[in-house]
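Have the sequence and the 3D view open as you go.

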Amino acid sequence: MDVSLAHFLQQVLSNPALTVTTLLTLGVIFVNGWTDAPNAIATCVTTRCMRVRSAVIMAAIFNFLGVSIMTQLNASVASTISNMVDFGGDTSAALIALCAALFSIVVYSVGASLLGIPTSESHSLIAGLSGAAIAIQGGIGGINMGEWVKVLYGLVASLLFGFAVGWLVCKAVTLICAGMDRRRTNGFFTYAQIVGAAAMSFMHGAQDGQKFIGVLFLGMAFCNGQPSVTGVMIPIWLMILCSTIMGVGTSVGGERIIKSVGQDMVKLEKYQGFSADLSSALCLLVMTVLGIPVSTTHTKTSAIMGVGAVRRLSAINFGVVRDMMLTWVFTFPGCGLISFVMAKLFMVVF
């Protein structure tokens, strides 16, 4: 399989389905960097450790590094996404179905936004791929349950693991600093939180960037007549392309999201912000190494809730938990169904 940049560009120009798939994938990566990446720096900004613009630039840089470096070291998440579904042996039809899956993500995200339903690009992607695979294979035989079960692990882990690690880290920090001068510890945690936010941005890129690299790589395989990407190395130029697009999306900013995550859910002090950033980055690192795709937003918000629970449970806005549950309830059947219908329609039209 030829994975060179020159060959890819030639295919994009000659194959409309790959062209649309590429544009939609890069568009979703851009939106992900725009809307999800600010979660990584929300606590850092709202505790006044960094100004918004400086934090956004830092997040863009570390998102880029997270995608490019972590994908070279461990591409488990990208492999999970690529191998999660089976589109069958007809690679032309498979590419059309993949295009339909990505189109359904856009349709669902726009519709959910208009209806006020919380969404997750990560969950929409997984649901879209699954719906298209079921459509083209005529049943659940298109789902690789060995890989799909990792998604179920991710749903539970993003909530429980994030909350538990956030609570443990914050509790440990509280005990260690109990007898120390607050002014000295605040000075330390100001810089420590900047490091934590950088780590969180890095791991956001590693998780979310890999998901969409896996999709675009799968489209390349279909265009080359290969039904899967098993045993094929992801080219470096693809990592650079996706990480650059995500970095540009992040640089657009997201002050409203920063305020929502960092202030509306629970009021944080500097040591709490550091605890939330460190614990969520650790959780994402473990999940990425294990190849388990998770929602970075849900992991971060769960960690923030765990940090807030160290003082008292009433400090948490449980409306956020409700929104996370609604995302799970609506996204998988909703986006999956739209993808199923779109795949059937695209195969008839094209």
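A residue counts as buried when its relative accessible area is under 20%, and as exposed when that area is over 50%. Keep in mind that this is a predicted model.

**Exercise 1.** Decide whether isoleucine 29 is buried or exposed, and find what it touches.

*Solution.* 
- Step 1: Locate the residue. Isoleucine 29 sits in helix α2.
- Step 2: Compare its value with the cut-off. Its relative accessible area is 1%, so isoleucine 29 is buried.
- Step 3: List its partners. Setting aside residues up to four places away in sequence, isoleucine 29 touches Phe212, Cys242, Ile245 and Met246.
- Step 4: Compare sequence with space. Isoleucine 29 and glycine 247 are 218 residues apart in sequence, yet their C-alpha atoms are 9.3 Å apart.

**Exercise 2.** Describe how helix α2 packs against helix α10.

*Solution.* 
- Step 1: Recall what to report. Two packed helices are described by the angle between their axes and the distance between the axes.
- Step 2: Read both values. Helix α2 (residues 16-35) and helix α10 (residues 236-251) meet at an angle of about 45°, and their axes are 6 Å apart.
- Step 3: Classify the angle. Roughly parallel needs under 35 degrees, and roughly perpendicular covers 65 to 115. The pair α2 and α10 is therefore oblique.
- Step 4: The crossing of α2 and α10 is right-handed.
- Step 5: Look at who makes the contact. From α2 the residues include Leu26, Ile29 and Phe30, and from α10 they include Leu241, Cys242 and Ile245.
- Step 6: Sort the contact residues of α2 and α10 by type. There are nine nonpolar, four polar and no charged.

**Exercise 3.** Explore the largest nonpolar core and say which residues touch the most other members.

*Solution.* 
- Step 1: Start with the members. The core has 68 residues, and Phe87, Leu129 and Leu238 touch the most other members.
- Step 2: Find the main contributor. Helix α6 (residues 91-115) gives the most to this core, with 13 residues.
- Step 3: Check for another core. Apart from this one lies a core of 15 residues, including Ala192, Leu268, Tyr271 and Ala276.
- Step 4: Zoom in on leucine 238. Not counting residues up to four places away in sequence, leucine 238 touches Ile213, Leu216, Phe217 and Met220.

**Exercise 4.** Is serine 104 buried or exposed?

*Solution.* 
- Step 1: Serine 104 belongs to helix α6.
- Step 2: With a relative accessible area of 0%, serine 104 is buried.
- Step 3: Leaving aside neighbours within four places in sequence, serine 104 contacts Gly128, Cys335, Ile338, Ser339 and Met342.

Methods:
Residues numbered from 1 in each chain as written. Predicted model: local features only at pLDDT ≥ 70, side-chain atom pairs only at ≥ 80, totals over all residues. Heavy atoms only, no water. Core = buried A, V, L, I, M, F, W, Y, C linked by side-chain atoms within 4.5 Å. Buried < 20%, exposed > 50% of the residue type's maximum accessible area, 1.4 Å probe, protein only. Helix = DSSP H or I, 4+ residues; strand = E, 2+ residues; numbered from the N terminus. Contact = heavy atoms within 4.5 Å. Axes fitted to C-alpha atoms, helices over the stretch in contact; angles between N-to-C directions. Parallel < 35°, antiparallel > 145°, perpendicular 65-115°, else oblique. Left-handed = near helix turned anticlockwise from the far one by under 90°. Nonpolar A, V, L, I, M, F, W, Y, C, P; charged D, E, K, R; others polar.
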